[in-house]
Amino acid sequence: VSGNDTSGKASDLSSFGGTPPLDCVVAVSQAAIGAGMWNFFKKNGRDFQLDMCFVLSSTGQLVEMEYKELKDTAGVDPFTIADGSTYADGGVAALDKVRFVGALKFKGGVPRLDPAHPVLPPIVLLKDFKSRTLDLAFVAAEVSMCGLIVSGPEQARFLCKSQLSSPWAFKASVNVVDRATDAQTDQTLPDAVKRRSDGLRDAMGSDAFSLRKLLLDLETAQWYAPPVISGLSDVHEFRVLYEKMCNIITSAYVQHLLAKGEPCLSYQFTSTTSPPATMTLTALSVSTEPFIVNGRADWTNQAACLTYLATSAEGSSSGPAPVAFPWNWVLPGDIGSIAGVVSTRRAAFIGYLQRVLNEQAKSFCLSSSVRVVETSDTSEVYFNYCTAADPSVFITTPIPSSLVLSFLSQGQAQDEDGLAKTTAFIKSHAEANVQLSFPGSQFVVSVRTYNELSILHTNLWGTNDILKSMTYYDKTYTATFTIAVSSFGELQLSVSTDVQDNCRDLQWGDDASRATFDK
């Protein structure tokens, strides 16, 4: 907790109004997004390398020279010369003779982290999402630059800097775009997205859904901050070449990364029909949330979040409007253990759960029927159960800190026949309770079904039990569902079950021995 702000684990979406209603929020910290981009650079940039040298032509123009050609011509590798060397160094004199100006070495991927302090540099910085942009720091495994500052005949100073203790970052503002893609032909889809796509295709057909992705459009990168390198970027005589080399690096590196794939923030499936047992989200919008400290927004804190705002309201053409949440979705202390938070509005989840349970409850709603036919010698009883024409439904009862969904169904019938009459009574009963506690990660479903049956015979001498009134079928099924997140970041629902069996054998009365009932 920072100041008076609470954690997103105590979020309360029910406190917001608006149309359409805000039913679900997925908040992802910029630390998690940055870790994803770190892996993107590590995977897609590691086979990129750029070596380039610059010399002055005979007419004084700055021209490129191959790295190998420079070493062969000058007889020295510029990156082996120490920073700060002067003309007295034979290598500096050799470079001056070939009119050397500067050189760069760049290897893509990610820098080595200090094993004692393996902290990722801030790769992503979110900002107000109205601009649909974020700040992205391009990192690399190796960056080295060197240059020769000539101040007169046989007077020169050599500069050479390499990325060693701290990573160099080339910073840019990058557009966030929403783009359609083909789930069958897009070769860049992650395995989890492919599995989801294949499952939807098998269940509903290839034309039943579409796929869009929210991605960082690297082609729109607006570079605004090359690395500030003391002794290199701040040297006036080297400034022009330094900026030129930074532009060459960023342009070539972006093109290489684009050829490998696009960094995606999320994938969105839109289906024409709702898959069974799925809470249907009808519209989605995207926003950002700064980390709030004592009422002030801090976009530099890695706990700031990218948020997906969704509604389940039917007929919604646009997602919920952005709101100012009075809590921080992710706290700085959580960054190492969680990537974000999923929050669902209580009423929306209960409504979804009611729909799912009501479909299942139909099978527990039974209608009973019984018919008695008595002759001078026998009494025949016919009874049956069938699905109720008007099944019961779950109703919601709020109680402090929790909520109960309850269900009750009863079906009964009675019939009698004959002067010395036989009366039969039958009853089917089903009840269920679902209890959810807030906040919490469990809900318990308990279903009890039991049936009663009795048969009486009345004659001149009184009434006798042929079949004593009793509950002969009685079972209670309890399932405890636990929501958790796996080590792979997948939302999982586990269940443990228990069955309590209180069924009893039918208790026939003494009069039944003189009857012809099929027990």
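**Note on the predicted model**

1. Asn-247 has its place in helix H5, where helices (H or I, at least four residues) and strands (E, at least two) are DSSP runs numbered from the N terminus. At a relative accessible area of 48%, Asn-247 counts as partly exposed, a term that covers the range between buried (under 20% relative accessible area) and exposed (over 50%), with a 1.4 Å probe and protein chains only. The C-alpha atoms of Asn-247 and Thr-188 are separated by 27 Å, and the two residues stand 59 residues apart along the chain.

2. Before going further, please keep in mind that this is a predicted model, in which local features need pLDDT of at least 70 and side-chain atom pairs count only at pLDDT 80 or more, while totals for chains, interfaces and linings use all residues. Residues are numbered from 1 along each chain as its sequence is written, and side-chain values use heavy atoms, with hydrogens and water left out.

3. Leu-453 lies in strand E24, which covers residues 442-459, and Leu-453 is buried, because its relative accessible area is 5%.

4. The next points concern charged side chains. Side chains of opposite charge can pair when their charged atoms come close. The rule used here calls a contact a salt bridge when a side-chain nitrogen of Lys or Arg is within 4 Å of a carboxyl oxygen of Asp or Glu, and by this rule the count comes to 13 salt bridges.

5. Which residue forms a salt bridge with Asp-135? The partner is Lys-127, and the closest N and O atoms of the pair are 3.0 Å apart. Lys-127 is partly exposed at 26% relative accessible area, whereas Asp-135 counts as buried at 17% relative accessibility.

6. Arg-212 and Asp-178 also meet through their side chains in a salt bridge, at 3.2 Å from N to O. Arg-212 belongs to strand E11 (residues 209-225) and Asp-178 to strand E10 (residues 170-181), so the pair ties together parts that are 34 residues apart in sequence. Arg-212 counts as partly exposed with 31% relative accessibility, and Asp-178 is partly exposed with a relative accessible area of 40%.

7. Strand E10 also holds Arg-179, whose side chain meets that of Glu-262 in a salt bridge of 2.7 Å, N to O. Because Arg-179 lies in strand E10 and Glu-262 in the loop between helix H5 (239-260) and strand E12 (264-271), this pair ties together parts that are 83 residues apart in sequence. Arg-179 is partly exposed at 32% relative accessible area, and Glu-262 is partly exposed at 27%. Salt bridges that share partners join Arg-179, Asp-186, Lys-213, Asp-217 and Glu-262 into one network.

8. Lys-42, Lys-43, Arg-46 and Lys-194 form a positive surface patch. Patch residues have over 30% relative accessible area and no salt bridge, and like charges are joined within 9 Å. Lys-194 is found in helix H4 (residues 191-204) and is partly exposed, with a relative accessible area of 32%.

9. Several details of the backbone deserve a look in the viewer. Thr-19 and Pro-20 are joined by a cis peptide bond, with omega at about 0 degrees, and Pro-20 lies in the loop between strand E1 (6-7) and strand E2 (24-29). Arg-99, a residue other than glycine, has a positive phi near 60 degrees; Arg-99 sits in the loop between helix H3 (90-97) and strand E5 (100-107), and is partly exposed at 39% relative accessible area. Arg-132 is not a glycine either, yet its phi is positive at about 55 degrees. The loop that holds Arg-132 runs between strand E6 (124-125) and strand E7 (133-138), and Arg-132 counts as partly exposed at 32% relative accessibility.

10. Is Thr-423 buried or exposed? Thr-423 is buried, with a relative accessible area of 12%, and its place is in strand E23 (residues 422-437). The side chains of Thr-423 and Glu-416 are joined by a polar contact of 3.3 Å, where a polar contact is a pair of N or O atoms within 3.5 Å; within protein, one must be able to donate a hydrogen and the other to accept it, and residues adjacent in sequence count only if both atoms are side-chain atoms.

Note on methods. Patches are made of residues with over 30% relative accessible area and no salt bridge: like charges are joined within 9 Å, nonpolar side chains (Val, Leu, Ile, Met, Phe, Trp, Tyr) within 5 Å. Accessible areas come from the Shrake-Rupley method with a 1.4 Å probe; for residues, only the protein chains shown count as cover. Lys and Arg count as positive and Asp and Glu as negative; His and the chain ends are not counted. The place of a charge is taken as NZ of Lys, CZ of Arg, CG of Asp or CD of Glu.
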